[in-house]
Each structure stands twice: as structure tokens, then as C-alpha cells.
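Subject: Handing over the structure

Hello,

I am passing this structure on to you.

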Amino acid sequence: MIPTLHSVSVNHCNVVTQARIAKETGYQSLEFLYDKLLRYIDNGRSLSELRKLIANYGLTTSVFNGLVGIGQYGENRAKMLDRARRYTQICTELECPTMQI
């Protein structure tokens, strides 16, 4: 088992602070909530920059927690599939093996 810091444990921190806290407290990996990670990206930061920061701290990304409401149909289903594609790309770029739904 890999000791992983879940985003809820540091709910009011951004992803950069979450990574620092994980390093300082002995965790080996991170679990990101989708809203925090999207906020990071939507504010002009890059996933490659975050991946380097995570690696510099000697951490990995274990879980991306994001597809809330996956069982939707109709118009909402199409939006969910678009989100799933975006989140899958994020996981790929962060070398994150697991997307929790």
C-alpha cells in the first residue's frame, strides 16, 4: 500500500500546497479532487509544471477523483463523456493510474 494524501484532508489548500504538505508529512503519493485540479489548470498553470513539482517532491499521483454522477443520460450523458475524456487526458499527463468514479 502506498501512503497517499487525499485532497479532502487538505480541502482548503490548492494542489501545490497539497503536494508540499504530502512531502513534509511523509506521504508518497497524492489523490486529487477534480475541482482543485481544474482550478489549477483553469488559472493558467500546466500539468507538465505540476508533474515536475510532484516529481521534485519525490511523489506520485495515485488517484484522480472526479466523475461524480457518471450514470447520467441524454444531454447530461454527452457532457459527462466530454468530462471523462478531459479527465482521462489529465490522468495520462500526470501519469496517474486510477480515476475514481
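Predicted model: local features only at pLDDT ≥ 70, side-chain atom pairs only at ≥ 80, totals over all residues.

Residues are numbered from 1 along each chain as its sequence is written, and side-chain values use heavy atoms, with hydrogens and water left out.

**The sheet**

Four strands form an open sheet. Their order is S1-S2-S3-S4, and the pairing is parallel. The edge strands are S1 (4-6) and S4 (98-100), and each of them pairs on one side only. Neighbouring strands in this sheet are turned by 25° against each other on average, direction ignored. Some terms: strands (E, at least two residues) and helices (H or I, at least four) are DSSP runs, numbered from the N terminus. Two strands pair if DSSP finds at least two bridges between them. In general, strands of a sheet pair through backbone hydrogen bonds, either parallel or antiparallel.

Strand S3 (residues 60-65) is joined to S4 by three bridges. Here Val63 stands opposite Thr98 in S4. Thr98 is partly exposed because its relative accessibility is 35% (buried means under 20% relative accessible area, exposed over 50%, partly exposed in between; 1.4 Å probe, protein chains only). Leaving out residues up to four places away in sequence, Thr98 touches Ser62, Val63, Phe64 and Cys91. A contact of this kind means heavy atoms within 4.5 Å. Asp82 is 16 residues from Thr98 in sequence, and the two are 18 Å apart in space, C-alpha to C-alpha.

Now take Ser29, in strand S2 (residues 29-33). Is Ser29 buried or exposed? It is buried, because its relative accessibility is 0%. The side chain of Ser29 makes a polar contact with the side chain of Thr60, at 2.8 Å. A polar contact is a pair of N or O atoms within 3.5 Å; within protein, one must be able to donate a hydrogen and the other to accept it, and residues adjacent in sequence count only if both atoms are side-chain atoms. Not counting residues up to four places away in sequence, Ser29 touches Ile2, Pro3, Thr4, Leu5, Leu59, Thr60, Thr61 and Ser62.

**Helices and core**

Helix H1 (residues 15-24) lies across S1 and S2. H1 runs at about 155° to S2. Axes are lines fitted to C-alpha atoms, for helices over the stretch in contact, and angles run from 0 to 180 degrees between N-to-C directions.

Helix H2 (residues 34-42) has these buried residues: Lys36, Leu37, Leu38 and Tyr40. They pack against H1, S2, helix H3 (47-56), S3 and helix H4 (75-93). Just after H2, Gly44 takes a positive phi of about 90°.

The largest nonpolar core has 21 residues. Leu30, Phe32, Leu37, Leu50, Phe64, Ile90 and Leu94 touch the most other members. H1, S2, H2, H3 and H4 each supply at least two residues of this core. H1 gives the most, with four residues. Such a core is a set of buried Ala, Val, Leu, Ile, Met, Phe, Trp, Tyr and Cys residues joined through side-chain atoms within 4.5 Å. Leu50 touches Val15, Phe32, Leu37, Tyr40 and Leu94, not counting residues up to four places away in sequence.

**Aromatic rings**

How many aromatic pairs does a search of the whole structure find? It finds two. Tyr34 and Tyr87 form a tilted pair, 6.1 Å centre to centre with 40° between the planes. This pair links Tyr34 in H2 to Tyr87 in H4, 53 residues apart. Tyr34 is partly exposed, at 28% relative accessible area. Tyr87 counts as buried, at 2%. Phe64 and Tyr87 form an edge-to-face pair, 5.0 Å centre to centre with 65° between the planes. That pair links S3 to H4, across 23 residues. Rings of Phe, Tyr and Trp (its six-membered ring) pair if their centres lie within 6.5 Å; planes under 30 degrees apart count as stacked, over 60 as edge-to-face and the rest as tilted. Tyr34, Phe64 and Tyr87 form one aromatic cluster.

Phi of Glu95 is near 55°, a positive value in a residue other than glycine. Glu95 counts as exposed, because its relative accessibility is 63%.

Best wishes
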